[in-house]
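Hi there,

Here is the structure I promised to hand over.

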Amino acid sequence: MYPGISPEKHQQRRILKVEGLSVSFPTTLGSVMAAQDISFDLWEKEILALVGETGCGKSVLASAILRLLPGNAVVSGSVVFGDRDLLCLSEKDISRIRGSQISMVFQNPTLAHNPLIRMEDQIAEPLCVHRGRSKKSSRKLAEKVAISFGLEGGGILKMYPFELSGGMNQRAMISTSVILSPRIIIADEPTKGLDDALARQAIRELSSIKEQWGASLLLITHDLSMASAVSDRMAVMYCGQIVEIGLSSEVFENPLHPYSRALKGCLPENGYNPIPGSSPSLIQPPSGCRYHPRCSQMTALCKEAPPMMAVAKSSSNSKKIGMSGCSDDRHESCGRQVRCWRC
Amino acid sequence: MAGLQELGFFNSARSSGQQATKREAGTVNPGTGDAASMNRHERGHFGPGSFSFPGFLGLMLFLSFLLMASFSFAIAPCDPWVRFQPFLPPGWGHFLGTNDLGNDILSELIYGSKVSLIVGFGAALLSTFLGTLIGLLSGYYKGLVDEILMGITDIFLMIPQIPLIIVLAAFLKPSFWMVALLLGCLWWTSTARVIRSKTLQIREMSFIEGSRSMGFSDLHIIFSDVLPNIFYVILPKFLLAVASAMIAEASISFLGLGDASMKSWGMMINFAFTRGGFINGYWWWYLPPGLCISLSVLSVILMGFALEERDLETERIE
């Protein structure tokens, strides 16, 4: 595919291409632009973290990919999976892809389980439905998967979701989502509602999915340091737009967009510097660069919307690459892009 | 979705959903003997055997009527169609005396329980089934399906029931099966409304979204995710429908629109009324069937209330 790339890189292929995806919700106050012109690629066996503050449209984006949004959502653009645009599929075709090809891990694991069904049946359910396996054999497999995520002993699998702790429920949900060995797993704030130790564990388990099950992970989170620790690439979202995308190490070490920089400055180790101003309304987003009212380096040019611009690689950065991600001069999608006039 | 939730768009739906989940968590499977329900046993709230006293009374009463209906041939002292001396007052030969034709009233009473129970349960089963199905579909799909199904529900709500039965009885051969069928076809409306509203609430919860993200079909979600979560609404509703159907059967029979060849409590009162039982003060003729109607309805209602009460109790605990 890409001549001259090492064998390991050669296997890396694009499995999901999101292009110009916009989502809006008509309300009586006007249209809420929850996501606007989102474009990114997801490569095989990579972890892409989508970082941004609450309300920037991360979760909407995740739901839009699987077409789980409520009926009033207006979605445009394309989400190409394999050779098919998911946004154009019939409900029947998309439900074949949900779970078996692309599955989802939800925030708040306790609420994401049916309170009246035993854990083992919930984990096994996708097997019965998608693969038509018998209840008994799917339960057996479910048990195996659950054990691999540390759910064993004490009849945990015979219990109901409300009898388990948040961490256990999270592991059960991860088991459910990998049981059909999907190619993509979308994790929507998987650490929300878990305490620090459990969050770490959940993240460890999620990142093990990549190795064990060979799936790509789209990790949605607001935890910048966590994202940089586990992901190969990172996209920073602000007010419905991706403002910066690139290798996690690069984005985290050397953020280019002022917002990414400010986000990094919010981290406790960097001194808890709050970003001035408040999150913009998604109904009437600021014109031009959406960050400009809060940006310390605003110029007159910022009143006009900046395009996504590829960043020329500086030599200092290139040394840090070469970890698990793809090296970025090979294909353009791994290249760093920033939505800011100054870069 | 979190983004919009924070903006307040889905807040109400979600938070009510959360409360409901908590509540559901408390009402799970009384029969499994799991840790949670044992806990509740200790607190003395419910469990199959620990109904409140009225609920227990209702259950016992109901079981005795059920026994009466299923083994009437063994329990009844005589064949209710055999004729003895008419108008006998209660005494040793006939505990509750005889009627104008000389039939043993106690035996009639025991045989009559069958019709009451069959009509009650037949009508309630049918109406609960229809109501649940329609409520689930319209609550889950919303939109046009909801409009149409709820429109039909409104139309059915407008049909006057007893007059319709009178008209039909005039044209069809009256039988208690027909009464059960008719009541079942007319009474699903309120169940449908209740189930719909509950479904509307549950379908917004995140485990439904989770199921959708696993690629389960709508029907699969409706019947294996939503239905178990509204079962605790259906059961009391069903029992209350049984009670009303029993009363309706009795009133229809009393009006003389029932099956005259079948022994039923309503029919007995009807005969007592038309053939001078009331005027002559033959209390053993009309009082026992009246009491039986009241008691059987009471038993079912007590059970229904106990079930409803149980849900409220758990709601309060949570």
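Where does α12(B) bend? The bend is at L227(B), it amounts to about 55°, and a proline, P228(B), follows within four residues. After the helix comes G256(B), with a positive phi near 85°. Please keep in mind that this is a predicted model, and that every value here is computed from it.

The rest of chain B is helical too. Chain B has 14 helices and 0 strands. Of its 318 residues, 46% are buried. Among contacts in chain B with a separation of 6 or more, 71% are between residues 24 or more positions apart. One residue I looked at is M150(B), which sits in helix α7 of chain B (residues 143–158). Is M150(B) buried or partly exposed? M150(B) has 18 other C-beta atoms within 10 Å, so it counts as partly exposed; the threshold for buried is 20 or more. From M150(B) to P80(B) there are 70 residues along the chain, and their C-alpha atoms are separated by 46 Å.

Now to chain A, where you will find a sheet. It is an open sheet of 8 strands with mixed pairing, in the order β6-β7-β8-β3-β9-β10-β12-β11. Its edge strands, each pairing on one side only, are β6 (102–105) and β11 (309–310) of chain A. Towards the β11 end of that order, β10(A) is joined by 2 bridges to β12 of chain A (residues 337–338), and the two run antiparallel. In this part of the sheet, E244(A) stands opposite V338(A) of β12(A).

Helix α6 of chain A (residues 166–178) lies across β6 and β7 (184–188) of chain A and runs at about 175° to β6(A). Helix α7 of chain A (residues 196–213) packs on the sheet as well, touching β3, β7 and β8 (216–221) of chain A, and its direction makes about 160° with that of β8(A).

How far apart are the end C-alpha atoms of α7(A)? They are 25 Å apart, which agrees with the 26 Å that its 18 residues should span at 1.5 Å a residue. The buried residues of α7(A) are A199(A), A202(A), I203(A), E205(A), L206(A) and I209(A). Just after α7(A), G214(A) has a positive phi of about 65°.

Strand β3 of chain A is worth a visit, and G52(A) is in it. G52(A) is buried because 27 other C-beta atoms lie within 10 Å. Leaving aside neighbours within four places in sequence, G52(A) is in contact with K58(A), H222(A), V236(A), M237(A) and Y238(A). The C-alpha atoms of G52(A) and D223(A) are separated by 8.2 Å, although the two are 171 residues apart along the chain.

The largest nonpolar core has 171 residues, and those touching the most other members are L50(A), I186(A), L218(A), L219(A) and V236(A). Which element gives this core its largest share? That is α12(B), with 18 residues. As for L50(A), its contacts beyond four places in sequence are K58(A), L61(A), L218(A), L219(A), I220(A), A235(A) and M237(A).

Lastly, two backbone angles to check. Most residues other than glycine have a negative phi. K45(A), though, has a positive phi near 50°, and its place is the loop between β2 (30–43) and β3 (47–52) of chain A. C239(A) has a positive phi near 55° and lies in the loop between β9 (233–238) and β10 (241–247) of chain A. With 19 other C-beta atoms within 10 Å, K45(A) is partly exposed, whereas C239(A) has 25 such neighbours and therefore counts as buried.

Best wishes

How values were computed:
Residues numbered from 1 in each chain as written. Chains lettered and ligands numbered in written order. Predicted model: local features only at pLDDT ≥ 70, side-chain atom pairs only at ≥ 80, totals over all residues. Buried ≥ 20, exposed ≤ 12 C-beta atoms within 10 Å, placed from the backbone. Bend = angle between axes of the 7 residues up to and from the residue. Contact = placed C-beta atoms within 7 Å. Pairing = 2+ DSSP bridges. Axes fitted to C-alpha atoms, helices over the stretch in contact; angles between N-to-C directions. Core = buried A, V, L, I, M, F, W, Y, C linked by C-beta atoms within 7 Å. Expected span 1.5 Å × (residues − 1).
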